[in-house]
Amino acid sequence: MSTQAPTGDLMARFGVSAARRRKDRIARGAILAATIVALIPLVLIVYYLLSKGLGAWSSSFFTTDPTGNTFFKSESIGGIKSAILGTVEMVALASAISVPVGVGVAVWLVEYGKSSWFAHTVRFFVDVLTGVPSIVFGLFIYIVLIVGTGSSFAGYKGSLALSLLMLPVVIRSAEVILLLIPAGLRESALALGAPRWKVIFSIVLPTALPGMVTGMLLAVARAAGETAPLLFTAASTKATSFNLSGFMNSLPVQIYGDVTSPTTAVVNRAWGAALTLVVMILLLNLLARLISRRSRLA
Amino acid sequence: MPNLQQTVSPVTEAPPSNDSPAVVTKPGLSVRLEQLRAFYGDAEQVKGIDLEFRANEVTAIIGPSGCGKSTMIRCINRMHEEIPGARAEGRVLLDDTDVYGSGVDVVAVRRAIGMVFQKPNPFPTMSVYDNVAAGLRLSAQRGGDMHAKVEAALRGAGLWSEVEDRLNEPGAGLSGGQQQRLCIARSLAVGPEVILMDEPCSALDPVATLKIEELIDELKSRVTIVIVTHNMQQAARVADRTAFMLDGKLVEVGPTQEIFTKPSDPRTEEYVTGKFG
């Protein structure tokens, strides 16, 4: 075997022409430029969040409720405690509704419905729901549970709107994971003389669990950041509340209210709340990654 | 006559001191196919088979790919019907009871007729111990000394001495051959009278294959075994009787020796001598 560089005829065949080199350089440059352009807003968002948000953070920022004294001293405007707790409470209730229902739908689709016409119909509507703008869910709950019943805003109504928003995400992600489970696993359990429900509960769901948790947490993260479904379902309030049938504050709605304020300190509070929300969702995503790393399927 | 309407009793023998199979307390049952037909949608894959698998014997099914061997044995424990659009006709008599008869619980049928698949498939979320225990738990046999039953099943599958001190490690961490014997132990724990094996060694190396073959020889004292195989040497080594299938039909069945040395049908001779297939 020769280690010499190809020469003569071979070089004519193996050498890269100048035109190809130029094309390669242009293509690489274009792709790199696109990446940089896409990164600019991302970096700016993180930069503004950190520079403006961190300034608003203080220990009292997380431990006090917002006050109405926005035209006086900036120290008196209060923090975002009620918004953090309100978001946690409403998203927790929304998850408690949408996760069992969504996983149930996914199990039915994969284990029972399969390719029946009804299963196809369900899948179609789930896909449609995925594309519905979030404000429509809020509007739906508003029409049905607030205008329809003549009652007022409530935390649980916000949760319902969020759970509707989460449902298609939960169903689709759980279905994808359930489909990944090898058919041989179900077969070997069935062949042991296990009833189908036991195969689902003892074999299929435990095997799918790590993957499904990832999908659930992503749905939770999405719901936690939504403003529109909460605006006219849970409204907003200043005080911390643990009563889900009363008005409830939340981070997105607090931010929405604060950014329109003429007072600089209140706008800064919006930045602080935004950074808080981003950090909370980031932690959830990290958790999802950690769990999916333990997945035996992916 | 087996009572398919009710739970089959678990393996009850005490664990012996070594890896030899336990004392025979529950002999196998015979299986008789009568005009068995199996379909995938409109396609007929098994075209009317009459065949008997004698109790406590090993019967090998040989035949070219796609001839319906696997489909046929999947009809015996009614796994065939799990495939969407698949159905079976005819009778499958376990001793004297038609497993397709009305009022027969498919779950009870599968407890009486165990199955080992081509690819070793231990439950991935479970330890070695739990894989075997799952056989019992999934088939609602929680009572009694679970540990003793698991040990008996692992000994029965010739795996006990290899996994004794790693019972809590994941079942999927064993070697391929060990995984397959773990699957056999899982089936044995349920206490079946018949075990169906669908090319159980096709994913294993020769040493692991040999172990499974020795195990099959030991197991036939307590269960009836039906084994589908592509490996004719394997059929010759393990089977008391061999059935040759072609295009969804049974060509002939007889003592293994006879099938391989003086088959009555020329197609069998061509197949076993390697002229086609």
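**Before you start.** This is a predicted model, in which local features need pLDDT of at least 70, side-chain atom pairs count only at pLDDT 80 or more, and totals for chains, interfaces and linings use all residues. Residues are numbered from 1 along each chain as its sequence is written, chains are lettered from A and ligands numbered from 1 in the order in which they are written, and side-chain values use heavy atoms, with hydrogens and water left out.

**Stop 1: the interface.** Show chains A and B together. Here 19 residues of chain A are in contact with 26 residues of chain B; contact means heavy atoms within 4.5 Å. The two chains bury about 1,800 Å² between them, 64% of it on carbon and sulfur atoms. Buried area is the accessible area (1.4 Å probe) that two parts lose on being put together, summed over both. Now select Glu187(A), Ala191(A) and Leu192(A). In chain A these lose the most area to chain B, together 33% of what that side buries.

Next, select Arg196(A) and Glu82(B). Their side chains meet in a salt bridge, at 2.3 Å from N to O. The rule is a side-chain nitrogen of Lys or Arg within 4 Å of a carboxyl oxygen of Asp or Glu. It finds two salt bridges across this interface.

Color the helices of chain A. Helices (H or I, at least four residues) and strands (E, at least two) are DSSP runs, numbered from the N terminus. The most come from α8(A), with seven residues.

**Stop 2: salt bridges in chain A.** Select Arg269(A) and Asp258(A). They form a salt bridge, with the closest N and O atoms 2.8 Å apart. Arg269(A) lies in helix α12 (residues 264–293) and Asp258(A) in helix α11 (residues 251–259) of chain A, so the pair ties together parts that are 11 residues apart in sequence. Arg269(A) is buried at 4% relative accessible area, and Asp258(A) is buried at 6%. Buried means under 20% relative accessible area, exposed over 50%, and partly exposed in between (1.4 Å probe, protein chains only).

Then pick Arg123(A), Asp127(A), Arg172(A) and Glu175(A). A network of salt bridges links them.

**Stop 3: salt bridges in chain B.** Select Arg237(B) and Glu213(B). Their side chains meet in a salt bridge, 2.6 Å from N to O. This pair links distant parts of the chain, 24 residues apart: Arg237(B) is in helix α8 (residues 232–238), Glu213(B) in helix α7 of chain B. Arg237(B) is partly exposed at 48%, whereas Glu213(B) is buried at 5%.

Move to Arg78(B) and Glu81(B). They form a salt bridge too, the closest N and O atoms being 3.0 Å apart. Arg78(B) is buried at 13%; Glu81(B) is partly exposed at 33%.

**Stop 4: a strand residue.** Select Thr59(B), in strand β3 (residues 58–62) of chain B. Thr59(B) is buried, at 0% relative accessibility. Leaving out residues up to four places away in sequence, its contacts include Phe53(B), Ile225(B), Ala239(B) and Arg241(B).

**Stop 5: helix α6 of chain B.** Select residues 176–189 of chain B. Of the 14 residues in α6(B), 13 are buried. Finish on Gly191(B), which follows α6(B) and has a positive phi, near 80°.

Terms used: The expected span of a helix is 1.5 Å times one less than its number of residues.
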